[in-house]
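Open your viewer and get ready to select residues by number. This tour goes from stop to stop, telling you what to pick next and what you will find there.

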Amino acid sequence: MGFQKTPAAVALAITLIIWFIPAPEGVAANAWHLLAIFIGIIAGIIGKAMPIGAMAILAMTIVALLQVTVPEIDPKTNLPFKNPHVQAVKDALSPLNSTLIWMIGVAIMLSRGLLKTGLGTRIGYLFLSLFGKNTIGIAYSLCLSDLLIAPVTPSNTARGGAIVHPIMKAIATSFDSDPEKGTQNRLGRYLALVNYHANIITCIMFVTATAPNSLAAELIAKATNNEVQLTWTTWFVAMVVPGLVAMAVMPLVLFFMYKPEIVNTPDAPAMAREKLKAMGKMSGQEKIVLAVFGVLLFLWAGLSDTLLGIKIDATTTTFLGLSLFLLTGVLTWDDVLKEKGAWDLVIWFAALVMMANFLNQLGLIKWLSNSAGQGIEHLGLSWYWACALLAVVYIYAHYIFASGTAHVTAMLGAFYAVGLHLGAPPMLFALMLAAGTGIMLSLTHYASGVSPVIFGSGYTTMGEFWTAGFVMSVVELIIFATVGLGWWKVLGYW
């Protein structure tokens, strides 16, 4: 059989139980049925009923067959859909047009250029020569790399997935830590998790570090008639202290959870310098890769718009990089076709994004947001505890989202309005939700654009990724509830 019987049976049972529970008042039946499919597919993925790509194909097929994304009335004509079966398959396949999904897939393909030419290995050895006396030092070098480029890289996918992740892989490979060899626990698993969570923490620290932040700032400004404005400086000053504490703590927490087999590497710096000497000068191909990545970083950071008045989309930039690699011979088309992880990722991430998007479009997420807000309001809590509960619900609702932007669009405005109604200081609660917008991205392997890139590299299992994500979300919540609130008190925000 092509599936595992027990996890498949559990996933099917979960789907059917939710499916046959009557939809709550205010929720359309097809929205409720889509939720049942979504949760069932996630259960199947977690239980490894089939490979994740196969589960994604199954999800698309079920959605197309059952037509759960198609409302009874066409909103464009106010008449019943003439061909709901046609619309359903279009809906099922719609995320394959997503610029984010293709950017993620192509970014993985780009990383092969670093590995194929040896430039990634050279960079890895350079980091080892500087910080390589122990594994913790290597981890903090990855944190520093992400932190330095975060303020000018609005795409955390580009930053963590296409820039820092190839370096991380090169370092792991230099210690023969390779998931294809079954040696990921030597070093790569730990560094992959550090790579990911450093990216998430920098998303919290800078409004320009990820797209949902700017949307959150805009929604907050609109809700308060511009009385509360989270400018770049305001956001940074508020987040930098708790953010740096989180960045300092994170590698230690993950080290305790997933201690690598290689801990002390006292001879690594000298070895790295010898390796660099043996590699000799940079080859022409390495120089091309370095030049192309320099161009991409310039464009990803938005500097072409700032300095030249030329705006180029981040996905277009990523395709430009791949095209340049193909034109210069750095990569061949066979190299691209062999990048199975990238093609697999495009399929399974598209399926999850599709279901999450339609849960939002069909009104289920809005219903959940309003219900949660009203339920918390009826508890009679003080504004402080009510807002704390709102923030927690807001963060962990991200388990049913595959897009930070969709999550912010669906929930932040409603939750912020409830908090203000309960008497929360506007700036304080704005900062709580702003921090939560970053923290929520740590949870799953589909939580943000960079998640599937790092998870897809194979260094961690899904269980390890989800466990680390949950633990780090709790750690970050504690830091922002203590250090963050204290710092915001000093700043006079409450």
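**Before you start**

This is a predicted model, in which local features need pLDDT of at least 70 and side-chain atom pairs count only at pLDDT 80 or more, while totals for chains, interfaces and linings use all residues. Residues are numbered from 1 along each chain as its sequence is written, and side-chain values use heavy atoms, with hydrogens and water left out.

**Stop 1**

Select Tyr-196 and Phe-465. A search of the whole structure finds 16 aromatic pairs; rings of Phe, Tyr and Trp (its six-membered ring) pair if their centres lie within 6.5 Å, and planes under 30 degrees apart count as stacked, over 60 as edge-to-face and the rest as tilted. The ring centres of Tyr-196 and Phe-465 are 4.9 Å apart and their planes stand at 45 degrees, so this pair is tilted. Tyr-196 belongs to helix α9 (residues 188-205) and Phe-465 to helix α23 (residues 462-490), 269 residues apart. Helices here are DSSP runs (H or I, at least four residues), numbered from the N terminus. Tyr-196 is buried at 0% relative accessibility, and Phe-465 is buried at 2%. Buried means under 20% relative accessible area, exposed over 50%, and partly exposed in between (1.4 Å probe, protein chains only).

Glu-464 is in α23 and Arg-189 in α9, so the bridge ties together parts that are 275 residues apart in sequence. Glu-464 is buried at 16% relative accessibility, and Arg-189 is buried at 11%.

**Stop 2: an aromatic cluster**

Select Tyr-396, Tyr-399, Tyr-446, Trp-466 and Phe-470, which form one aromatic cluster. Tyr-399 is partly exposed, at 23% relative accessibility.

Next, pick Lys-489 and Trp-494. Lys-489 lies over the ring face of Trp-494, 4.6 Å from the ring centre. That label requires NZ of Lys or CZ of Arg within 6 Å of the ring centre and within 35 degrees of the ring normal.

**Stop 3: helix α13**

Select residues 284-300. This is helix α13, with 17 residues, and it reaches 24 Å from first C-alpha to last, close to the 24 Å expected at 1.5 Å a residue. The expected span is 1.5 Å times one less than the number of residues.

Which residues of α13 are buried? They are Glu-286, Val-289, Val-292, Phe-293, Leu-296, Leu-299 and Trp-300. They cover an arc of only 150 degrees around the axis, which puts them on the same side of α13; the arc is that of the directions from the helix axis to the C-beta atoms. After α13 comes Gly-302, with a positive phi near 80 degrees.

**Stop 4: one more salt bridge**

Finish with Asp-335 and Lys-116, whose side chains meet in a salt bridge at 2.6 Å, N to O. Asp-335 sits in helix α16 (residues 333-337) and Lys-116 in helix α5 (residues 99-117), so the pair ties together parts that are 219 residues apart in sequence. Asp-335 is buried, at 12% relative accessible area, whereas Lys-116 is partly exposed, at 44%.

Notes: Helices (H or I, at least four residues) and strands (E, at least two) are DSSP runs, numbered from the N terminus. A salt bridge is a side-chain nitrogen of Lys or Arg within 4 Å of a carboxyl oxygen of Asp or Glu.
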